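Here is a set of questions and answers for a reader meeting this structure for the first time. Please look at the sequence and the model before reading on.

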Amino acid sequence: MQIHNLSESPSILNTFMSEIRDVNIQNDRMRFRRNIERIGEVLCYELSKSLHFETHTTKTPLGNHDTTLYKNDIVLCSILRAGVPLHSGLLNYFDSAENAFISAYRHHKHNPESFEIIVEYLACPSLEGKTLILADPMLATGQSMVATYEALKPFGTPKDIHLVSVIGAQEGVDFVAKHFDTNAHLWIADIDDTLNEKGYIVPGLGDAGDLAFGNKLQQ
Ligand SMILES: O=P(O)(O)OC[C@H]1O[C@H](OP(=O)(O)OP(=O)(O)O)[C@H](O)[C@@H]1O
Ligand SMILES: O=c1cc[nH]c(=O)[nH]1
Ligand SMILES: [Mg+2]
C-alpha cells in the first residue's frame, strides 16, 4: 500500500487538524463537522493528482483551450456514522461520483476493552472496473476498514482503491497495509503513535462520531 501522510508537508491542513484535536474547540459540533469536511476536501485534492487524466478541449467564447480531465468512474464509500462529514468533503469535489454507505460499528460484547466490528447496513453500486474510495476519519485498529472491504467484495473488483482517513494509529495503518494490495493508496492527514487499552488513538481526538453527532447509548 502506498501511504501518503499529508502531515509530512505543513500546510493549511494543520489548522483544521489542530482544531479537531483541541479540547477547547472540538466541542463546537458544527465546526468539528465542517473541519472534517474541509480535511476531506484537501485529501480529495491530493488524491485527485493520482487519477487517470485525458486531454479535453474546452470551447471558450474566444477560442479553444486544451486541458486534461480525470476519467475515473468514482465510487465513494463511507463508513457510518463518523464518515458522513468526510464523505461530504469528498463529494464536494467529485461532483458525479456514485456513492456507497456501510455501517460498521464497534460492539462491546463483554467489557469496554474488547469489541467486534458489526457490519449491518450496506448500499452499494457495482464496483467493477471503478475507482473505489473508502472513507473513514479514524483508522484506529484498522478493523472497520478491513471489515468494510470484505463486505464490498461481492459488488465487483475495483480497478483501483484509495483509503481516505483523517487520523490513524501506526498499528491500524500497518494492519490495513497487510490486507490491501500494494497498489492501493492511503491518503491520511496524520498518523499518531499509539492506541490505548480501549482501542482509541492517542493523542488522537477522542470519539469522532460523538463529536460530530453527539453521544450514543451502547446497544
Ligand atoms: O479502526 P477501528 O478500530 O475499526 O476504529 C475506527 C472506527 O471507529 C469509529 O467508529 P465507531 O465504532 O466509533 O462508530 P461511530 O462512527 O458510529 O461513532 C470510526 O469512525 C471508525 O469507523
Ligand atoms: O480514537 C478513536 C478510535 C476509534 N474511533 C474514534 O472515533 N476515535
Ligand atoms: Mg464513534
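This is a predicted model: local features need pLDDT of at least 70, side-chain atom pairs count only at pLDDT 80 or more; totals for chains, interfaces and linings use all residues.

Residues are numbered from 1 along each chain as its sequence is written, and chains are lettered from A and ligands numbered from 1 in the order in which they are written.

Q: Which feature does UniProt place at residues 12-214?
A: The record is an unreviewed entry, and such annotations may be inferred rather than shown by experiment. Over residues 12-214 the chain is 33% helix and 34% strand, where helices (H or I, at least four residues) and strands (E, at least two) are DSSP runs, numbered from the N terminus. The feature placed there by UniProt is "domain: Phosphoribosyltransferase".

Q: Which strand pairs with S4 in the parallel sense over 5 bridges?
A: Two strands pair if DSSP finds at least two bridges between them. S4 is joined to S5 by 6 bridges, and these two run parallel. The bridge partner of Ile 74 is Thr 131. The strand that pairs with S4 over 5 bridges is S7.

Q: Is strand S6 largely enclosed or in the open?
A: A residue is buried if 20 or more other C-beta atoms lie within 10 Å of its own, exposed if 12 or fewer, and partly exposed in between, with C-beta atoms placed from the backbone. In S4, 6 of the 7 residues are buried, so S4 is largely enclosed by the rest of the structure. S6 pairs with S5 in the antiparallel sense over 6 bridges, with Ala 123 opposite Phe 101. Of the 8 residues of S6 the number buried is 0, so S6 lies largely in the open.

Q: How many residues are in the largest nonpolar core?
A: A nonpolar core is a set of buried Ala, Val, Leu, Ile, Met, Phe, Trp, Tyr and Cys residues joined through C-beta atoms within 7 Å. Leu 76, Leu 90 and Ile 133 are among the members that touch the most others. Leaving aside neighbours within four places in sequence, the contacts of Leu 76 (C-beta atoms within 7 Å) include Leu 90 and Ile 133. The number of residues in this core is 54.

Q: How many C-beta neighbours does Met 17 have inside 10 Å?
A: Met 17 lies in helix H1 (residues 13-21). Beyond four places in sequence, Met 17 is in contact with Ile 39, Ala 189 and Asp 190. Met 17 counts as buried because its number of C-beta neighbours inside 10 Å is 21.

Q: Which element gives the most to the shell around ligand 1?
A: Of the 21 residues around ligand 1, those that come nearest are Ala 82, Ala 140, Thr 141, Ser 144 and Gly 209, a residue being near if its C-beta atom, placed from the backbone, lies within 6 Å. The elements that give two or more residues are S5, S8, H4 and H6. With 3 residues, the element that gives the most is S5.

Q: How many charged residues does the shell around ligand 2 have?
A: The residues around ligand 2 include Met 138, Tyr 200 and Asp 207. Ala, Val, Leu, Ile, Met, Phe, Trp, Tyr, Cys and Pro count as nonpolar, Asp, Glu, Lys and Arg as charged, and the others, Gly among them, as polar. The shell has 6 nonpolar and 2 polar residues, and the number of charged residues is 1.

Terms used
Two residues are in contact if their C-beta atoms, placed from the backbone, lie within 7 Å.
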